[in-house]
Structure formats: structure tokens, C-alpha cells
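Thanks for coming, everyone. Let me put the structure up, and then I will walk you through it.

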Amino acid sequence: MVLNQPIKLSKSLRSDCLNFCNSRGITIPNLLLGTLQILLHRYSDQKVIFIGLLNNQIPSNKKDQNSGSVQWIKSDSFSSISFENFIQHNSLNILNSKTKPSDPLETLLESLQPKTETSGSAYFKVFFNFSENKKTENQTMDSSNLASSFESMSNSYLNFDFYETNGVIEGLAQCNVDLWDSRAFERLVLHFVELLKAGIETHQKMILQLPLLTPKEFDQLTNL
């Protein structure tokens, strides 16, 4: 069973994101993915963050025969770096992952034969997806709509699934109900949006110095 938490970026935030990306030659998906990686590092203090995504989420000028397969993105450049530099560095890392892809998931699974825990996927703990296709009226944005390669997503710890249509960026975050408290998960999603706002507005600030708290949370802490 999963918890669902909607994500919606305001039109003004989307406009700020576009201006940030266009001036630096990066894409909205790369910006959102990089923000998620920073958030997970801030939450966990882990030095290396892996996120799974479909190969077709990684821009490339070459036709990829394995565009529907799962790719993982590794990030480990969190120390003493600004938000702007991290996003740009991460975008290059994503492009390098496309030109020099890691071993296909099926090959790794055959070699490693990992044990699948009942509480989560043995392959990826976090998934990211971005689509420009509008969801249909009766369609829910869950992992089963992405690809057969994403079968393990339904048991992962976190899924962040975004789509853009008619100038609006929305998304759905999902987590395993056995591993997350609903209120804590809601706060995590709110912190993602706050981190994105802060990163865009103060992009030269170190990523460890960017605020995560919502204005309401900040007021509650300062009034104690």
C-alpha cells in the first residue's frame, strides 16, 4: 500500500524555473531531479544518492535502442557547492550517463541476484519520472503506467512522478505506507517545493544552507 501526495508548482515558480534553466542550458527535468537529490541528501546525510529513472528521461541526440530500460543516476557532489553549480554539474553527469550508460538492469540482476525485501525494492529505493503528456481524466499517476521495466517501483521507498501540460507542472509523490508516516511524508513534499524555490531565488548559496522549512513551520519554531 502506498501514500499519495500531490505536487503542484505555481505558474510563477514554473516561470522562474524556466528562466533559470534557459539561461544555463539545462532542462526542467534535470532541475527537478537535482533538487530531489539535494533534498534526499539533506534528509539522510548520505554522501551518495542513487535515483532510478527511465533512459528516455535523459536527453540525448542519439537514438537509444534501450530507451525504455531503467537507468540509475548517481550523485555524490554535495560538499561545498552552490545550488547553481550542483544542478549544472548534475546535468552533465546525467548526459554522461546517457553516452556511457551503466550495465543494463537485467544484466546486473542476473549477476547479483539480489534479495527483494518485502518492505521495498532490491534495485532502487527512489524513482523519478517526468512526462510532457497530460494524464487522462480517469488515469492515476502511478508506477504501473510507466513501463514494464518499472515493475519494482510499486515497492520502492519513494516515487516522484511529474508531468507538464498547458504551462502547468504537477506531480504525484508516492511512498510505502509501511515506511513513512503520512504527516512526515507530506512535509517532505512541501520541503521539496521550498528547496526548489530557495535554490532558484538564491542559486549561489551553498546547498547545505538553503532553507527547507515552510513559512508556517518557520513561524512555529521561532515562536516557541
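**A walk through the chain**

Ser 80 is exposed, with a relative accessible area of 67%. Exposed here means over 50% relative accessible area, buried means under 20%, and partly exposed is in between, with a 1.4 Å probe and protein chains only. Ser 80 sits in the loop between β3 (70-75) and α3. Its phi is near 50°, a positive value in a residue other than glycine.

Some ground rules. This is a predicted model: local features need pLDDT of at least 70, side-chain atom pairs count only at pLDDT 80 or more, and totals for chains, interfaces and linings use all residues. Residues are numbered from 1 along each chain as its sequence is written, and side-chain values use heavy atoms, with hydrogens and water left out.

Now the overall plan. The chain has six helices and six strands. Helices (H or I, at least four residues) and strands (E, at least two) are DSSP runs, numbered from the N terminus. Starting at the N terminus, the order is β-α-α-β-β-α-α-β-β-β-α-α. The chain has 224 residues, and 44% of them count as buried. Its accessible surface comes to about 12400 Å². Carbon and sulfur atoms hold 48% of that. These areas come from the Shrake-Rupley method with a 1.4 Å probe; for residues, only the protein chains shown count as cover.

Next, contacts, meaning heavy atoms within 4.5 Å. Take those between residues at least 6 apart in sequence: 69% join residues at least 24 apart.

On to the inside. A nonpolar core is a set of buried Ala, Val, Leu, Ile, Met, Phe, Trp, Tyr and Cys residues joined through side-chain atoms within 4.5 Å. The largest one has 47 residues. Which of them touch the most other members? They are Leu 31, Leu 32, Phe 128, Phe 160 and Phe 162. Helix α5 gives the largest share of this core, nine residues.

Let's turn to charges. Side chains of opposite charge can pair when their charged atoms come close. The rule for a salt bridge is a side-chain nitrogen of Lys or Arg within 4 Å of a carboxyl oxygen of Asp or Glu. How many salt bridges does that rule give? Five.

Glu 84 and Arg 24 make one of them, at 2.7 Å, N to O. Glu 84 lies in helix α3 (residues 83-99) and Arg 24 in the loop between α1 (11-22) and α2 (28-44), so the pair ties together parts that are 60 residues apart in sequence. Glu 84 counts as buried, at 16% relative accessibility. Arg 24 also touches Asn 19, Gln 88 and His 203, with residues up to four places away in sequence not counted. From Arg 24 to Ile 87, 63 residues along the chain, the C-alpha separation is 9.7 Å.

Lys 197 and Glu 194 form another bridge, at 3.7 Å, N to O. They are three residues apart in helix α5 (residues 182-201), so about one helical turn separates them. Lys 197 is partly exposed, at 31% relative accessibility. Glu 194 is buried, at 17%.

Then there is Lys 47 with Asp 45, at 3.7 Å, N to O. Are these two buried or exposed? Both are exposed. Asp 45 is in the loop between α2 and β2 (49-54). Its phi is near 65°, a positive value in a residue other than glycine.

Now His 41, in helix α2. His 41 is buried, with a relative accessible area of 6%. Its side chain reaches the backbone oxygen of Gln 46 at 2.7 Å. Leaving out residues up to four places away in sequence, His 41 touches Gln 46, Ile 49, Phe 78 and Leu 208.

Last stop: helix α6. Glu 217 lies there, and at 14% relative accessibility it counts as buried. A polar atom of its side chain lies 3.0 Å from the backbone nitrogen of Thr 214. Beyond neighbours within four places in sequence, Glu 217 is in contact with Arg 187 and His 191.

Leu 221 is also in helix α6 (residues 215-222). With Leu 213 and Phe 218, Leu 221 forms a nonpolar patch on the surface, about 280 Å² of accessible area together. Patches are made of residues with over 30% relative accessible area and no salt bridge; like charges are joined within 9 Å, and nonpolar side chains (Val, Leu, Ile, Met, Phe, Trp, Tyr) within 5 Å.

Terms used:
Polar contact = N/O pair within 3.5 Å; in protein donor to acceptor, adjacent residues only side chain to side chain.
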